[in-house]
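Below are my notes on the model you sent. They are set out as numbered points, with each cut-off given where its term comes up.

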Amino acid sequence: MGKRLLLVAAFSCHLAVVVAGAAELTTRLDGPVGRGLRFYDALSGAGDSYSFFAPSVGPQFQARFTLSTPQGARSEETLETGKSREVGLRLGNLTGEIYIVARRDDLRRAFLGALAANRLGAHPEANLVQVNVEEWVMPTMAEHRLGARPCWRSLYEASFVRTSYEATFVRTSMSRP
Amino acid sequence: MRLREAPALAIDACFRAVSVRPLAGLRVGLPLLLLVHLAWVSSDLLSLHGGNGIIPWELTGLLRDPWVPGLPTLASALLPLGISAPTAITFLLSCYAGGLLALALGFHTRVSAFLAWGLHLALITSGSASVYGVDQLANTFLFYLLVFPSGRAWTFQSRSASPRREKTIPVGCLRVMQAHLCVVYLAAGLFKAMGRQWWNGEAIWQVVSQPAFRTFDLGSLARHPWIPTLAGWVTLVVEIGYAFLIWPRRTRRAWVLAAMGLHLGVGLFMGLVFFSSVMVLLTCSLFLIPEEIQKEVQEVETVPEPAVA
């Protein structure tokens, strides 16, 4: 009976964390209790929130690269170029995460530089890369009926040149939506 | 007297024996889906998770919970053995695939479930910037496969290793997973209902038009806004209704079909095939596979097994 009581208590506590997580309460808790709950959430998934595409559909992001060679040739590509849909979706999430992180001045250069270094590594012939983090702007149905069409809007732009071993930051510009 | 006995009766009710088949179905299906997914993204795994991937480990460390071990932590532990980081990643991913396969086949299910869950957790921790909802759900249900006795049926173990009397689990195990799945649907539905976009069709319009999800050119939907509006309402009804109408026997099959239809639509019009497959698997294994004990097993069954072996 004692063991059963303990198991029922454990199940009940677990489900209570599931409900609290779904209600986005666990993320608001600070201190050791909050940290402990978030750790248990990470292990068990009990404290996750499930607001998929809710309450509204968020924007889509992409990282677009313009690569230039010393001979003056230019090419464009995105992180998703040539990837499967599943990988493309994950890369889009990654760009969205970088967009959020890049709002911090101290981290922007490191994360955009990582993207630039990745592309320069894939294109040894290029010596300059311009990184554009863009947001998909989708008109509403009413706007679409009136002729508006979706487009990519630039949020961050930075250029990097190749030195012997690494991408060196040249300049950056930002446009707030 | 009866009032005094009520708590004991309630606790005993949580340990009523039910068939292990729903849990076994999940144990076979989820690892197989994760294996297919692993093969699907295998050529890009090092870009997403490797030390020299799109985001190097020095930077992924800033995005993840420092208390939860990611692939870099595990790979670093192998460095003193002379194993380089890329080799360590390949080794860990191979262990992950092996764990998933062993779990699906039912070989040493507790050990293989630990391996599959632990390495899946490490993967989603180190790749936290690129994960999405389905990774959370896979982590959750791998955790249940680890904690609950999922290896009591549909395994390749010898008959003596899994006697007939063990083909049951306490109903509490099944109810915890079922309740969790209901919370997932209810929360998803209620959060959607709080936004205007799901009531006026704009959410459906936005989703099927985003390049990441677009599978067909549905620009003509703008001229027929009632279609996305109706689709939004149906999504709300199916997701919110799931938590209540999946339980009664009279509505269960209808709601399983409705949920499958919803995910078929998500797979077809948004291209989220892996997510949809996992959601259909969860509903089918937890609510469609009968939990009633088969007659011949019921005759042998006398004492229910403990919840956590």
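1. Two strands are taken to pair if DSSP finds at least two bridges between them. Helices (H or I, at least four residues) and strands (E, at least two) are DSSP runs, numbered from the N terminus. In chain A, strand S1 (residues 61-68) and S2(A) pair in the antiparallel sense over five bridges. A:Arg64 has A:Thr78 of S2(A) as its bridge partner. Five residues lie between the strands of this hairpin, and A:Gly72 takes a positive phi near 95 degrees there.

2. Basis of the model. This is a predicted model, in which local features need pLDDT of at least 70 and side-chain atom pairs count only at pLDDT 80 or more, while totals for chains, interfaces and linings use all residues. Residues are numbered from 1 along each chain as its sequence is written, and chains are lettered from A and ligands numbered from 1 in the order in which they are written.

3. Burial in chain A. A residue is buried if 20 or more other C-beta atoms lie within 10 Å of its own, exposed if 12 or fewer, and partly exposed in between, with C-beta atoms placed from the backbone. By that count, 36% of the 177 residues of chain A are buried.

4. Fold and extent of chain A. Chain A has five helices and five strands, in the order α-α-β-β-α-α-β-α-β-β along the sequence. Its radius of gyration is 22 Å, whereas a compact globule of 177 residues would have one near 16 Å; the radius is taken over C-alpha atoms, and the globule rule is 2.2 Å times the number of residues to the power 0.38. Along the principal axes, the C-alpha atoms of chain A fill a box of roughly 80 × 50 × 30 Å.

5. Domains of chain A. Domain bounds come from an automatic or database domain assignment. Chain A is divided into domain 1 (2-44) and domain 2 (61-174), and their centres over C-alpha atoms are 39 Å apart.

6. Domains of chain B. Here domain 1 covers 18-158 and domain 2 covers 172-289 + 302-309. Their C-alpha centres lie 25 Å apart. Two residues are in contact if their C-beta atoms, placed from the backbone, lie within 7 Å; 20 residues of domain 1 of chain B contact 16 residues of domain 2 of chain B. On the domain 1 side, helix H2 (21-41) and helix H8 (133-147) of chain B each supply at least two residues, and H2(B) gives the largest share, nine residues.

7. Contact between the chains. Chain A contributes 54 residues and chain B 55 residues. On the chain A side, the elements giving two or more residues include helix H1 (2-22) and helix H2 (31-44) of chain A. The residues of that side divide into 30 nonpolar, 14 polar and ten charged. Ala, Val, Leu, Ile, Met, Phe, Trp, Tyr, Cys and Pro count as nonpolar, Asp, Glu, Lys and Arg as charged, and the others, Gly among them, as polar.

8. Cores. A nonpolar core is a set of buried Ala, Val, Leu, Ile, Met, Phe, Trp, Tyr and Cys residues joined through C-beta atoms within 7 Å. The largest has 85 residues, of which B:Phe141, B:Leu142 and B:Leu145 touch the most other members. Helix H9 (residues 171-193) of chain B gives the most to this core, eleven residues. Beyond its neighbours within four places in sequence, B:Phe141 is in contact with B:Leu26, B:Leu30 and B:Leu282. A second, separate core of 30 residues includes A:Phe61, A:Tyr99, A:Val129 and A:Phe160.
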